[in-house]
Amino acid sequence: MDEIQIIVADSSHEKYVDIILKTIEDAAKVRGTGIAKRSKEYIATKMREAKAVIALSGDRFAGFSYIETWGNKHYVTTSGLIVHPDFRGKGIAKKIKNLTFTLARTRWPHAKIFSLTSGSAVMKMNTQLGYNPVTFSDLTDDEAFWRGCEGCVNVDILKRTHRKYCICTAMLYDPEDHFPAKLPNAVLERIKELDNN
């Protein structure tokens with residue numbers, strides 16, 4: 001098996017969008033919990049904007065996650081973390097999570113980073129990175145973010161409770177409590193180009 005490469009995705013990785021979406025959909029069925037659905041164009045855009053991380057074994061898809069900004073870039077989420085079943089149990093999820101987290105902290109150093117998750121493994125990774133459990137009211141009030149929950153099987157709970165809680169646990173990382181993050185220079189240059197266009 002080839003070594004696993006975990007990198008910031010770009011437009012050359014758009015060929016993996018279908019398998020990413022299928023892997024997310026299959027995982028949601030197996031877990032029986034909510035994973036918000038995303039469109040092909042949404043995932044491809046994340047890649048083009050250097051807001052996604054992909055794991056590859058040679059040319060085989062191994063894992064993925066993306067980031068998004070909310071509330072005028074005061075909040076950032078790292079979302080959609082998935083590892084293909086053929087590559088689970090190898091520590092790939094943690095490496096992807098670490099790179100998306102570093103990418104988010106580098107691009108938006110003053111933004112609060114949050115996560116909504118129903119997975120204990122993600123909760124553990126978040127805790128190790130410095131996230132703390134919070135109430136939903138501590139998260140962004142950006143309506144566009146909450147519309148993203150519409151594709152989740154548990155959205156009825158979220159609506160019924162007027163967004164006070166759901167199946168997911170809310171976790172928040174406040175950058176004011178931590179040192180700055182740093183990405184490799186090649187990635188920083190690419191981000192600078194994207195931000196200037």
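Two strands count as paired when DSSP finds at least two bridges between them, and helices (H or I, at least four residues) and strands (E, at least two) are DSSP runs numbered from the N terminus. On that basis, this predicted model holds an open sheet of seven strands in the order β1-β2-β3-β4-β5-β7-β6, with mixed pairing. Residues are numbered from 1 along each chain as its sequence is written. Because the model is predicted, local features need pLDDT of at least 70 and side-chain atom pairs count only at pLDDT 80 or more, while totals for chains, interfaces and linings use all residues; side-chain values use heavy atoms, with hydrogens and water left out.

**The sheet**
- The edge strands, each pairing on one side only, are β1 (4–8) and β6 (132–134).
- Strand β4 (residues 75–83) and strand β5 (residues 112–117) run parallel and are joined by three bridges, and Tyr-75 stands opposite Lys-112 in β5.

**Helices on the sheet**
- Helix α2 (residues 40–48) packs on the sheet and touches β2 (52–57) and β3 (60–70), where contact means heavy atoms within 4.5 Å.
- The direction of α2 makes about 85 degrees with that of β3; axes are lines fitted to C-alpha atoms, for helices over the stretch in contact, and angles run from 0 to 180 degrees between N-to-C directions.
- Helix α3 also packs on the sheet, touching β1, β2, β3, β4, β5 and β7 (169–173), and its direction makes about 160 degrees with that of β4.

**Helix against helix**
- The axes of α3 (residues 92–107) and α4 (residues 120–129) come within 11 Å and cross at roughly 45 degrees.
- The contact involves residues including Phe-101 of α3 and Met-125 of α4.
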